[in-house]
Amino acid sequence: MTTTTQKKTTSKPKITAKKVEVIDENLPANPFAFEVLNLVSKQRTNAKKVELLKKYEHPSLKALFIWNFDESVISMLPEGVVPYSGYQDQVSFKGSMTDKVSEEIRKMHETGSISLGASDTQGRSTIRKEFKHFYHFIKGGNDSLNKIRRESMFINILEGLHPLEAEILCLVKDKKLQERYKITKELVSEAYPDITWGGRS
């Protein structure tokens, strides 16, 4: 009787390549603030974040960062939820301006249409176009403006913006941009050494 010994074969674990997300660093001409902030926020290294902040440098971005990070810039707008101003708005949508912005953003994520080209048929404005009005909303900018007029102007700007741009302004007025985007004052200072912090109010 002959016995055959079977060789034990151990299967080698399969080595699978880790899927690396490829991030396209090329934004369209005149990108939205949210496109730049999203792109910068996704980067894994501070060096890359600084590089992209430099690449997409624009006065409107600097204005956002100064409003958000400079402690001497004091918002003249109430903190927290932004209300609706007009009766018609209150009738057509139950909730605040903040709720409406959040709802529009949720819908865009659900449909996968985040960019203006895919989701905006109303020719909305951008932070690039509106940043010249920011001085109305900070102390020392236009102190003669009364509270109601100032808040109405802010709401009008929000209503005209792409929802993701409007969200940025709601964050910046409360100095909470860093809660949504992984961008710090230190990174901004490195990217834009020409920004002088302090002494603004």
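Predicted model: local features only at pLDDT ≥ 70, side-chain atom pairs only at ≥ 80, totals over all residues.
Colleague: How many aromatic pairs does the structure hold, and how is the pair of W67 and F134 classed?
Modeller: The structure holds six aromatic pairs. In one of them, the ring centres of W67 and F134 lie 5.3 Å apart. Their planes stand at 55°, so this pair is classed as tilted.

Colleague: Which parts does the pair of W67 and F134 tie together, and how many residues apart are they in sequence?
Modeller: W67 belongs to helix α3, residues 59-69. F134 sits in the loop between α7 (127-130) and α8. The pair therefore ties together a helix and a loop, and the separation in sequence is 67 residues.

Colleague: Does the accessibility make W67 and F134 buried or exposed?
Modeller: The cut-off for buried is under 20%. W67 has 3% relative accessibility, so W67 counts as buried. F134 has 6%, so F134 also counts as buried.

Colleague: What is the geometry of the pair formed by F137 and F154?
Modeller: The centres of the F137 and F154 rings are 5.2 Å apart. The angle between the planes is 75°. Angles over 60 degrees count as edge-to-face. The pair of F137 and F154 is edge-to-face.

Colleague: Where do F137 and F154 lie, and how many residues apart in sequence are the parts they tie together?
Modeller: F137 is in the loop between α7 and α8. F154 is in helix α8. The pair therefore ties loop to helix, across a sequence separation of 17 residues.

Colleague: Which residues form one aromatic cluster with W67?
Modeller: W67 pairs with F134, and F137 pairs with F154. These residues form one cluster. Beside W67, its members are F134, F137 and F154.

Colleague: At what angle do α3 and α9 pack, and which residues of α3 meet α9?
Modeller: The angle is about 35°, with the axes 8 Å apart. On the α9 side, the contact uses I168, L169, L171, V172 and K173. By class, the contact has six nonpolar, one polar and one charged residues. From α3 come L64, W67 and N68.

Colleague: How are α1 and α9 placed relative to each other?
Modeller: Helix α1 (residues 33-42) and helix α9 (residues 163-173) pack with axes 8 Å apart. Their angle is about 75°. Angles of 65 to 115 degrees count as roughly perpendicular. α1 and α9 are therefore roughly perpendicular.

Colleague: Which residues of α9 make the contact with α1?
Modeller: α1 contributes A33, F34 and L37. The contact residues divide into five nonpolar, no polar and one charged. From α9 come L164, E165 and I168.

Colleague: Where is I155, and how far in space is it from C170?
Modeller: I155 lies in helix α8, residues 147-160. At 4% relative accessibility, I155 counts as buried. I155 and C170 are 15 residues apart in sequence. C-alpha to C-alpha, their distance is 10.0 Å.

Colleague: What is the secondary structure of the whole chain, and what share of its residues is buried?
Modeller: The chain has 11 helices and zero strands. Among contacts between residues at least 6 apart in sequence, 70% join residues at least 24 apart. Of the 201 residues, the buried share is 40%.

Terms used
Residues numbered from 1 in each chain as written. Heavy atoms only, no water. Axes fitted to C-alpha atoms, helices over the stretch in contact; angles between N-to-C directions. Helix = DSSP H or I, 4+ residues; strand = E, 2+ residues; numbered from the N terminus. Parallel < 35°, antiparallel > 145°, perpendicular 65-115°, else oblique. Contact = heavy atoms within 4.5 Å. Nonpolar A, V, L, I, M, F, W, Y, C, P; charged D, E, K, R; others polar. Buried < 20%, exposed > 50% of the residue type's maximum accessible area, 1.4 Å probe, protein only. Phe/Tyr/Trp six-rings, centres within 6.5 Å; stacked < 30°, edge-to-face > 60°.
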